[in-house]
Each structure stands twice: as structure tokens, then as C-alpha cells.
Amino acid sequence: MHTTRLTRVLTATAALAALSTLASCTGAPGKHKDEALGSNPAVAPVKEKAAVRGLPGMPPLLDQNDVYAADRPNRLSPVVRNFPSRVYVPNTNSNTVSVIDPTTYKVIETIPVGTQPQHVVPSWDLKTLWVNNDRGNTLTPIDPKTGKAGKSVDVHDPYNLYFTPDGKYAIVMASLDRELVFRDAHTMKRAKTVPVSCYGVNHADFSPDGRYFIVSCEFSGELLKVDTEKMKVVAQEKLPYDGAMPQDVKISPDGKRFYIADMVADGVWVLDGDKFTRPTLLHTGKGAHGLYVSRDSREMYISNRGEGTISVFDFTENKLTQKWRLPDGGSPDMGGVSADGKVLWLSGRYNSEVYAIDTRTGEQLARIKVGSGPHGLAVYPQPGRYSLGHTGVFR
């Protein structure tokens with residue numbers, strides 16, 4: 001995805017105890033091209049779905065009709081409620097993490113980490129932020145309570161990181177190794193290595209029942225369907241677009257469709273994950289890259305890195321409704337939504353900056369200078385009972 005890229009939980013039992021108290025982004029080496037929340041109410045209730053049998057050990061969805069029901073504004077788990085609000089920005093070329101205070105839009109600290117940090121990933125139990133030092137072959141833990149980095153853990157080719165919905169395993173997206181590596185979610189000890197025939201495993205998201213997940217393979221333009229419990233690839237398909245480069249993956253609130261951003265096709269693929277049939281393409285803008293769901297589950301923000309815009313997709317209307325342009329351009333990449341849902345935070349991949357965008361108006365609130373090659377930033381803490389990984393996919 002970027003030209004600068006080189007060749008390359010704590011136990012579920014403890015976390016579940018905490019949960020029970022809660023009610024209510026780049027080409028192959030050397031070739032990388034590198035809400036509106038407002039006052040809208042949440043999506044209106046629809047006919048209740050029959051409860052499905054989820055992955056054993058996975059906390060059941062709060063709402064069978066909305067996988068994001070636990071992500072409402074400021075609904076913070078007791079685990080993270082007292083953590084300071086920060087934006088953690090991995091600077092791929094600077095080998096640092098910039099820490100931004102979102103109330104002042106100022107960088108308050110710069111943390112040295114390993115070589116080529118790609119993403120900052122919240123752990124399943126919400127207690128740790130893992131910095132994915134891809135080229136350095138390590139994960140650096142950051143304590144979000146204190147903001148201090150701990151001792152790095154040896155993990156090979158950790159381009160991206162996800163967690164199984166039961167909290168048992170971390171899944172390392174070993175992009176250049178062509179592997180999905182299942183590791184103990186706390187110790188990161190290798191449990192199973194799954195070789196893949198596609199190239200550039202990158203991003204993912206899980207089905208509502210957690211029994212499978214969809215993976216994008218950016219360098220070969222393919223998608224994988226993986227059985228979570230069996231830790232096995234069960235289906236694979238080539239995207240019907242010459243030179244396709246799939247990126248971020250997000251499931252719709254109702255769980256019926258997966259959306260996959262494609263920075264070459266300049267849009268978002270819409271996939272029926274259960275059937276895994278040929279997807280259709282929704283054009284959004286040049287270099288479509290990151291996907292973020294609003295706190296009310298009504299909209300999805302799509303960062304179009306190649307043209308400095310953000311497209312807004314309405315799930316209920318099933319169409320694009322707005323396009324926001326960054327003043328003076330930019331390269332909006334990966335990020336997340338603030339806990340209250342009012343601000344979309346995105347890294348400016350090629351501009352050494354971070355953008356804060358008002359989700360009600362699309363207005364740019366701030367443009368903050370950081371290190372070189374900012375990538376998968378994490379806004380933390382965020383609402384949700386547990387994390388599925390990446391820069392913050394919560395349920």
C-alpha cells in the first residue's frame with residue numbers, strides 16, 4: 001500500500017468476568033502504493049432474529065440485528081473507563097508512536113518502538129495496545145492506562161493483528177510470509193500456522209456468530225474465507241477487477257454483507273459472506289482504503305486516500321450520501337471514531353499528519369503533524385465489550 005514499505009490477552013476468563021459487569025491498512029516489497037452521529041437516534045429496531053449458535057466461548061451479541069450494538073457513544077467497558085483518552089499513531093518510517101491528546105489536538109509524547117510499526121491494535125480484553133512492528137518482527141505492548149511501553153515480544157512479520165471472538169487466539173496477518181498465524185492471545189506463543197496461497201493477507205472481519213472471517217489479500221487481489229474454530233481456509237476467490245488491491249474489511253450492522261475497500265478499483269466490494277459468491281463494486285473515490293462504522297450503526301465512513309476525501313455510506317438507504325473533501329488535500333488512511341462518535345480520526349499516510357474530522361458536518365477540525373508514514377492509528381479507549389483487533393473493531 002505505500003512506497004516506503006520495505007520487504008516486508010490476558011485470558012478470556014478474566015476478561016469475560018469484566019464483560020459481565022457491562023449491561024446495557026501496502027503493494028509488494030518496493031511496490032507499495034503504499035458519524036454522522038449528530039443527534040440521530042440509533043437504527044430503528046427491526047424484527048428480532050432468532051439467536052444463532054455462536055463460536056463457543058464468544059460473548060453473545062447484545063442485539064442479533066446489530067453487531068455494533070455494544071459500540072454506542074461513550075458506552076465504555078469498566079475495564080477502560082478510567083483510561084485517558086488518546087490517539088496512538090504508528091509512524092512507519094520513523095519507528096515511533098505519536099500520542100495525541102484529542103482535547104487539545106497536540107502531540108504530547110513520542111514513543112520509540114520497533115522497526116516499521118504498521119498498526120496499533122487493542123487486545124481482546126481491552127487492557128493492552130499492541131504496536132505491530134512489521135519489519136522489526138516484534139509486537140510492542142503499550143499500557144493504555146499509563147501510556148508506557150513494555151518489553152517487546154518476538155513475533156515474525158506482524159503486519160496486522162486480530163483476535164478470535166472467544167478471546168482465545170491472536171491472529172497475526174503475516175503478509176510477506178503468506179501465513180495466518182494463530183497465537184495465544186496473551187503470551188503470543190504460536191499455536192497454529194496456516195499457510196495461504198494468496199499474497200498479502202492484510203485486513204479481516206468476522207461473521208456475527210464468529211464462526212468464520214473474511215480476509216483481504218492485497219497483493220494478489222483475492223479474498224479468503226476462514227473457519228475460525230478449525231483455523232482453516234475454506235474458500236478463496238479472485239476479485240473481478242484487473243489489479244485489484246483489497247484493503248480494509250467491515251461487516252454490515254445486520255451481518256448480511258461484508259464491505260472490502262479496494263484502492264485500485266477505487267471503491268468498496270460488497271460481499272455475501274455466507275454464500276461467498278461474486279461481490280459487486282460500489283465506486284467511492286480514488287484509493288478507497290479504510291472503513292469505519294458510526295456509533296449509531298447508520299453510516300460507514302470510507303477514506304479515499306488517493307484523492308483526499310471521505311465518502312459516507314448509509315446502511316439503511318444502501319447508498320452513498322455524502323463526500324467530504326479535506327482542505328488542501330491529503331492522504332486519509334486508517335483510523336477510528338472517537339468514543340462519543342463526534343470525531344473521525346485518520347492518519348495522513350503520505351503527509352506526516354493526522355486529520356480530525358467532524359462526523360456531523362465533515363468539517364476538518366484539526367490537521368496535526370506527526371512522524372513519517374503514519375498508518376493504522378488507534379483512538380482509545382472506545383466503546384465495546386471486547387476487541388477483534390486491527391485499529392479497533394469492537395463488539
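**Close-up 1. Glutamate 229 and arginine 211.** Glutamate 229 is partly exposed, with a relative accessible area of 48%. Partly exposed means between buried, under 20% relative accessible area, and exposed, over 50% (1.4 Å probe, protein chains only). The side chains of glutamate 229 and arginine 211 meet in a salt bridge, 3.5 Å from N to O. A salt bridge needs a side-chain nitrogen of Lys or Arg within 4 Å of a carboxyl oxygen of Asp or Glu. Glutamate 229 sits in the loop between β15 (222-227) and β16 (232-238), and arginine 211 in the loop between β13 (201-206) and β14 (212-217), so the pair ties together parts 18 residues apart in sequence. Strands (E, at least two residues) are DSSP runs, numbered from the N terminus. A search of the whole structure finds twelve salt bridges.

This is a predicted model: local features need pLDDT of at least 70, side-chain atom pairs count only at pLDDT 80 or more, and totals for chains, interfaces and linings use all residues. Residues are numbered from 1 along each chain as its sequence is written, and side-chain values use heavy atoms, with hydrogens and water left out.

**Close-up 2. Arginine 305 and aspartate 333.** These two residues form a salt bridge, with the closest N and O atoms 2.7 Å apart. Arginine 305 lies in the loop between β22 (299-304) and β23, while aspartate 333 lies in strand β25 (residues 332-337), so the pair ties together parts 28 residues apart in sequence. Arginine 305 is buried, at a relative accessible area of 5%. Aspartate 333 is buried too, at 0% relative accessibility. A network of salt bridges links Arg305, Asp333 and Arg349.

**Close-up 3. Aspartate 66 and arginine 72.** Here the side chains meet in a salt bridge of 2.7 Å, N to O. Both aspartate 66 and arginine 72 are buried.

**Close-up 4. The disulfide.** The structure holds one disulfide. A disulfide is a pair of cysteine sulfur atoms within 2.5 Å. Cysteine 198 and cysteine 217 form it, with their sulfur atoms 2.1 Å apart. The torsion about their S-S bond is about -50°, so the disulfide is left-handed. Cysteine 198 lies in the loop between β12 (190-195) and β13, and cysteine 217 in strand β14, so the pair ties together parts 19 residues apart in sequence. Both cysteine 198 and cysteine 217 are buried.

**Close-up 5. Tyrosine 259 and phenylalanine 315.** The structure holds twelve aromatic pairs. In this one, the ring centres of tyrosine 259 and phenylalanine 315 are 5.8 Å apart and the planes stand at 65°, so the pair is edge-to-face. Rings of Phe, Tyr and Trp (its six-membered ring) pair if their centres lie within 6.5 Å; planes under 30 degrees apart count as stacked, over 60 as edge-to-face and the rest as tilted. The pair links distant parts of the chain, 56 residues apart: tyrosine 259 is in strand β18 (residues 258-262), and phenylalanine 315 is in the loop between β23 (309-314) and β24 (319-325). Tyrosine 259 is buried, at a relative accessible area of 1%. Phenylalanine 315 also counts as buried, at 10%.

**Close-up 6. Charges over rings.** The charged end of arginine 178 sits over the ring of tyrosine 199, 4.2 Å from its centre. The charged end of lysine 225 sits over the ring of tyrosine 212, 4.3 Å from its centre. A charge sits over a ring if NZ of Lys or CZ of Arg is within 6 Å of the ring centre and within 35 degrees of the ring normal.

How values were computed
Helix = DSSP H or I, 4+ residues; strand = E, 2+ residues; numbered from the N terminus.
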